Amino acid sequence: MPQPKIYVIHENEAWVEPLRAAFSEQQLPHEEWHLDRGVLDFSSAPPRGVFYNRMSASSHTRDHRYAAEYTSCVLPWLELHGRRVVNGSRALRLEINKIAQYAELSRHGIRVPRTLAAVGRENIVAAARQFKGSFITKHNRAGKGLGVRLFHSVDSLGNYVKSPVFEDSVDGVTLLQEYIQAPEPFITRVEFVGGRFLYAVRVDTSLGFELCPADVCEIGDAMCPVGEKPAATAPRFEVIEGFAHPIVERYQKVLAANDVEVAGVEFIADKAGELYTYDVNTNTNYNSAAEERAGKYGMRAVAAFLGREVQALGRIEAAAD
Ligand SMILES: Nc1ncnc2c1ncn2[C@@H]1O[C@H](COP(=O)(O)OP(=O)(O)O)[C@@H](O)[C@H]1O
Ligand SMILES: [Mg+2]
C-alpha cells in the first residue's frame with residue numbers, strides 16, 4: 001500500500017504557500033482540497049490520510065461564499081469514516097461563529113468582553129444603548145477585522161447603520177462589544193500547534209483593526225492597497241521572547257475540549273492588567289518577518305506535526321496489513 005498523504009482543506013492559495021514550502025522542505029506527501037465548490041459523493045469512502053482543515057471565516061470575502069458551508073458537509077463525512085482530521089467540524093463551528101467561541105472560552109473560566117449579538121439594523125442600534133462608554137461593532141462570522149469599528153456614541157452608530165457604507169455580517173449577526181482600551185496599542189496572539197503552545201506574538205494595533213498576520217494581508221499604512229510592500233515602519237508583529245502566562249494552559253484546555261489542534265487565540269490586556277480574550281482563529285497564519293527575527297516558524301511546526309500524524313497512520317495501517 002502506498003504511504004498515506006496529508007490533505008489540506010482550504011480556499012485561499014496565498015495562505016497555503018508557506019505550508020507548501022514547509023511540506024517540500026520536510027518531504028511530506030500532500031494534496032490540496034480547495035473547497036470553494038465541488039461535489040461530495042456522500043456514499044463514497046474518503047482517501048486514506050490525515051486531513052488538515054484550514055477553512056477560513058473570511059472565505060466569503062474572496063468570492064467563496066459557500067466554502068465554509070461546503071466544508072461543513074465534507075468534515076462530518078471524513079469523521080464518519082474515522083479519518084484523522086486536524087481541526088475538524090467542531091473547530092469549523094468555532095471558526096465561523098464568534099459567540100460560539102465566547103461560549104467555549106467562558107465555559108473554561110476565560111473572560112471575554114461584554115458582547116451583544118444583534119440581528120436587524122434596528123436591534124444593532126438598540127443593543128448599543130447598553131454601553132455607557134465606547135463600544136465596537138464586529139461581524140460574528142469575520143476574520144480580517146471585518147466590520148470592526150469603534151464608536152463613541154449610539155448616534156454615530158445609528159448614522160453608520162443607516163448609511164450605504166454599513167456592511168452586514170455574512171451570517172446577519174452583528175456583535176456589539178465593550179471597547180477594551182489597552183494602555184499601549186497592541187494585542188497578543190497566542191499560537192498553538194498540535195495542541196501545544198508555540199509562541200505568542202505582539203501585534204501593533206495603532207494602524208487599525210485588520211490584523212491578519214499572513215504576509216499577503218500585511219498593510220504598511222492604513223491606505224496601502226493589498227499586495228504592495230509594507231512601508232518600512234516599526235514591525236507590526238513581534239514574537240514575544242519567553243512568553244509565559246497562566247492563560248496559556250486555559251487556552252489549551254479550551255482547544256482540547258473542542259478538538260482544535262492548530263489555532264491562534266487573541267487577547268487584549270486593559271490598564272488594570274485584566275485579560276480579555278476575543279478571537280479564536282482555528283485557521284491561523286504566521287508573520288514571516290516576525291518569525292525570521294525570532295527564529296521560530298509556525299508553518300514548519302504545522303508541517304512537522306502533520307508529518308508525525310501521517311507517519312503514525314502509516315504505521316497503524318502497516319501493522320493492520
Ligand atoms: N473588544 C475590543 N476592544 C478593543 N479592540 C478590539 C476589540 N475587539 C477587537 N478589537 C480589535 O479589532 C481586531 C479584530 O477583531 P477580532 O475580534 O479579532 O476580529 P477578526 O476575527 O476579524 O480578526 C482585534 O485584533 C483588535 O485589535
Ligand atoms: Mg482577530
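Predicted model: local features only at pLDDT ≥ 70, side-chain atom pairs only at ≥ 80, totals over all residues.

Student: There's a helix called α9; how many residues has it, and how far does it reach?
Tutor: Helix α9 has 23 residues and reaches 33 Å from its first C-alpha to its last. That is close to the 33 Å expected at 1.5 Å a residue; the expected span is 1.5 Å times one less than the number of residues. Helices here are DSSP runs of H or I with at least four residues, strands are E runs with at least two, and both are numbered from the N terminus.

Student: OK, back to α9. What does it lie across?
Tutor: Helix α9 (residues 298-320) lies across β9 (186-193) and β10 (196-204), and runs at about 20° to β9. Contact means heavy atoms within 4.5 Å. For the angle, axes are lines fitted to C-alpha atoms, for helices over the stretch in contact, and angles run from 0 to 180 degrees between N-to-C directions.

Student: Which residues of α9 are buried?
Tutor: Among them are Met299, Val302, Phe305, Leu306, Val310, Leu313 and Glu317. Buried means under 20% relative accessible area, exposed over 50%, and partly exposed in between, using a 1.4 Å probe and protein chains only. An α-helix has 3.6 residues a turn, so residues three or four places apart point the same way.

Student: And the sheet, what's the strand order?
Tutor: Five strands form an open, antiparallel sheet in the order β11-β10-β9-β12-β13. Two strands pair if DSSP finds at least two bridges between them.

Student: Which ones are the edge strands?
Tutor: β11 (237-239) and β13 are the edge strands, each pairing on one side only. Neighbouring strands of this sheet are turned by 25° against each other on average, direction ignored.

Student: Is β13 enclosed or open to the outside?
Tutor: Seven of the seven residues of β13 are buried, so this strand is largely enclosed by the rest of the structure.

Student: What about Val265, what does it touch?
Tutor: Leaving out residues up to four places away in sequence, Val265 touches several residues, including Thr188, Val190, Tyr251, Leu255 and Asp279. Val265 is buried, with a relative accessible area of 2%.

Student: Which residues coordinate the magnesium ion?
Tutor: Glu266 (OE) and Asp279 (OD) coordinate the magnesium ion (ligand 2), at 2.0 to 2.6 Å. Glu266 sits in strand β12 (residues 263-269) and Asp279 in strand β13 (residues 275-281), 13 residues apart. Both Glu266 and Asp279 are buried. Donors are N, O and S atoms within 2.8 Å of the metal (3.2 Å for Na, K and Ca), and water is not among the atoms, so sites may look incomplete.

Student: Switching topic: which strands does β1 pair with?
Tutor: β1 runs parallel to strand β3 (residues 49-53), joined by five bridges, and also pairs in the parallel sense with strand β2 (residues 30-34) over five bridges. Lys5 stands opposite Gly49 in β3, while Ile6 stands opposite His30 in β2. Five of the six residues of β1 (residues 5-10) are buried, so β1 is largely enclosed by the rest of the structure.

Student: What do β1, α1 and β2 make?
Tutor: With helix α1 (residues 13-25) they make a right-handed β-α-β unit. Right-handed means that, with the strands pointing away from the viewer, the path from the first strand over the helix to the second runs clockwise.

Student: And where's Gln27?
Tutor: Gln27 lies in the loop between α1 and β2. Its phi is near 50°, a positive value in a residue other than glycine. Gln27 is exposed, with a relative accessible area of 71%.

Notes:
Residues numbered from 1 in each chain as written. Chains lettered and ligands numbered in written order. Heavy atoms only, no water.
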